[in-house]
Amino acid sequence: MRRKVAWIVDRKDWAQERRGLALAKYLPGYVFDIVTPRNQWLRKSCWQVRWGALFFASWRTAKKLMHLVEDGPAGCLTGVGSHYEIGPDLYSIPRGRNPQEVFDEAVKILNGFRYVLVNSERLWELLRPHVGGAAYAPNGVDADYWSPTNKRFDPSRVRVGWIGAEKAAKNICLLREVEERLRWSSIKTDFIIRNRAHPAPYPQDEVRGIYGSWDFSLCVSHAEGCSNVLLESASCGVLAITTDVGDHSKLIREGETGFIVEPTLDSVVSTVERLQHLQGWEYRRMSQAIRAEIEANWTWAKQAEPYRKALEVVCE
């Protein structure tokens, strides 16, 4: 008998829903119902009638429904995918808040869950001395959907891209500085920044086309769990330039699958400018290497295992 799990997301059609749908393909013993906090069964506080477990895709979503967690903690799981509202870097802390108070508040909430699945090893190491149910569950990618386009690399027309929401930890100021510095060079930047005026994510098919136009993805974040954009674009064979945050250095090997930079203008620009001298065969070799790394270690077929183990315990 397949057991039913409520996969609770802030809103549908975002990355949280895609992760639930991807996991469901590799957890055949479970049925995932994708629901939002407005679901009537959640509002009635009688979720046990319908589901064997509540899985909050983000612990911050659970903050709105803590009465459900308090009523049935043994059946509740959550995920932690970033340092937001945890720290310790100040970019992930709400402005004006005391970092220790923010961390303590997060720990108190997370200890209300049977399992807390954390998507980067660094974040897990930060939390595990304080959160009893913390387990490392690396981020993953649907490698069948995010597949290479075999785009020809032209060193005279290098294109560097980024797409995401405008948040302090993403270091948007540096992206804008990089864009300005490279404005009159042959290197083209394609930085798509979502903000309050344009909050909704792009449709997946459109994003896949955007990745296909890039030669390199750029991440200059101060803090990350493991970036969906990095994994998805890498799965498409796009080389990565990234700061050493989250699990990124597990995927990116300097000069083999990408490049590690400091979160400074000089470090990023000097690295990008150097890449104009890559030969086509060098780019193809690295592109094939990053795709092979994704297939070997980062697909949801492999990364679903920690979720399966946690659900087996919770739904026993």
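Mentor: Residues are numbered from 1 along each chain as its sequence is written, and side-chain values use heavy atoms, with hydrogens and water left out. Because the model is predicted, local features need pLDDT of at least 70 and side-chain atom pairs count only at pLDDT 80 or more, while totals for chains, interfaces and linings use all residues.

Trainee: How many aromatic pairs are found in a search of the whole structure?

Mentor: Rings of Phe, Tyr and Trp (its six-membered ring) pair if their centres lie within 6.5 Å, and planes under 30 degrees apart count as stacked, over 60 as edge-to-face and the rest as tilted. With that rule, the search of the whole structure gives a count of 12 aromatic pairs.

Trainee: Which class of pair do Trp146 and Tyr211 form?

Mentor: The ring centres of Trp146 and Tyr211 are 5.4 Å apart and their planes are at 50°, so the class is tilted.

Trainee: How far apart in sequence are the parts that this pair ties together?

Mentor: Helices (H or I, at least four residues) and strands (E, at least two) are DSSP runs, numbered from the N terminus. Trp146 lies in the loop between strand 6 (134-136) and strand 7 (159-165), whereas Tyr211 belongs to helix 8 (residues 204-213), so the parts tied together are separated in sequence by 65 residues.

Trainee: Is Tyr211 buried or exposed?

Mentor: Buried means under 20% relative accessible area, exposed over 50%, and partly exposed in between (1.4 Å probe, protein chains only). Trp146, at 3% relative accessibility, counts as buried. Tyr211 has a relative accessible area of 1%, so Tyr211 is buried.

Trainee: Which class of pair do Phe153 and Phe216 form?

Mentor: Phe153 is buried at 7% relative accessibility, and Phe216 is buried with a relative accessible area of 0%. Their ring centres are 6.2 Å apart and their planes are at 90°, so the class is edge-to-face.

Trainee: Why is strand 2 (residues 30-35) described as largely enclosed?

Mentor: The reason lies in the burial of its residues, as the rest of the structure largely encloses strand 2 because the buried ones number 5 of the 6.

Trainee: Which residue in strand 2 is the bridge partner of Ala6?

Mentor: Two strands pair if DSSP finds at least two bridges between them. Strand 1 (residues 3-8) and strand 2 pair in the parallel sense over 6 bridges. Within strand 2, the bridge partner of Ala6 is Asp33.
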